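Subject: Structure for your records

Dear colleague,

Here is the structure you are taking over. My notes on it follow below.

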Amino acid sequence: MILYVDAGTTWSKVCEFSPCESLFEDKFKKYLKLTKDNRKYYIIPSNLLKNAGFNFTAATGHMSKINLANENNYMNEVIALSKGFLVNNDKKSGLILDLGSRDAKWVKFNNGKFKDLDWNNSCASATGATIEMLLKFYEVSVDELEVTDEKYNITCGIFGLEKIMDDIANGEKANLAISKFLHGIAYNAWSFAKKPKEIYLSGGFCDNKCFTDSLSKYVKVNKLGRFVLLDGLMQEYNNLQLH
């Protein structure tokens, strides 16, 4: 059994190479999202994965070194993002933005050559985690969020949380307040990436329609999903052709 992991603060993305059922699949079958050839892709809460007792062949991400069988098989997240983007983009050009629970990062390429990047783990901190907490606390479904022309002019999840709670206390509907927050995050992400005309989006926000519709107000959005860093990791350590 070969396991690759992109271990985030709240969610970990795992690819398992196994032609048949395994101990890993037995334990995490409910988190299985995609099966392709002999590859199985999972999205698992990081706190469950941390203490599950499995060692990983190669890893990237904030929490990844804990259960790594060989510490030399660790890849920096920006490098994994870059390699994963080049695997998933035939033109080898454009800007890939990854917006997660605790940081935002982007890399720009032109014909396969690196041009620019930035990584923010302070002002962008807790954006994804904050959304998950707000939805759970106010018992709002993602499907109840609708894109709005209004937005909160905030710089991070913590300040946004304060603004949302104040407005809801004053009578604002929770789903509308969260939608305005998402619009603010989308605008900030676009500005952070230096306001490009086109963005390739990676990470959990790909699954949030309110966010992607808000971002589309400013830029053309191409959603690459949540396994881009895994694709880059596997390209490096297994020489796979993942198209």
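Is phenylalanine 54 buried or exposed? Phenylalanine 54 is buried, with a relative accessible area of 13%; buried means under 20% relative accessible area, exposed over 50%, and partly exposed in between (1.4 Å probe, protein chains only).

Some ground rules first. This is a predicted model, in which local features need pLDDT of at least 70 and side-chain atom pairs count only at pLDDT 80 or more, while totals for chains, interfaces and linings use all residues. Residues are numbered from 1 along each chain as its sequence is written, and side-chain values use heavy atoms, with hydrogens and water left out.

Aromatic rings

A search of the whole structure gives 15 aromatic pairs. Rings of Phe, Tyr and Trp (its six-membered ring) pair if their centres lie within 6.5 Å; planes under 30 degrees apart count as stacked, over 60 as edge-to-face and the rest as tilted.

One of the pairs joins phenylalanine 24 and phenylalanine 28; this pair is tilted, with 4.9 Å centre to centre and 50° between the planes. The two residues are 4 apart in helix α1 (residues 23-28), so about one helical turn separates them. Helices (H or I, at least four residues) and strands (E, at least two) are DSSP runs, numbered from the N terminus. Phenylalanine 24 and phenylalanine 28 are both buried, and phenylalanine 24 has 0% relative accessibility.

Phenylalanine 24 also pairs with phenylalanine 54: the ring centres are 5.0 Å apart and the planes are at 75°, so this pair is edge-to-face. Phenylalanine 54 lies in the loop between α2 (46-50) and β5 (58-60), so the pair ties helix α1 to a part 30 residues apart in sequence. Phe24, Phe28 and Phe54 belong to one aromatic cluster together with Tyr31 and Tyr42.

Charges over rings

The charged end of lysine 27 sits over the ring of phenylalanine 28, 6.0 Å from its centre. Lysine 151 lies over the face of tyrosine 187, at 4.8 Å from the ring centre. The rule asks for NZ of Lys or CZ of Arg within 6 Å of the ring centre and within 35 degrees of the ring normal.

Domains

The chain is assigned domain 1 (2-75) and domain 2 (76-243), with bounds from an automatic or database domain assignment. Contact (heavy atoms within 4.5 Å) links 25 residues of domain 1 with 23 residues of domain 2.

Regards
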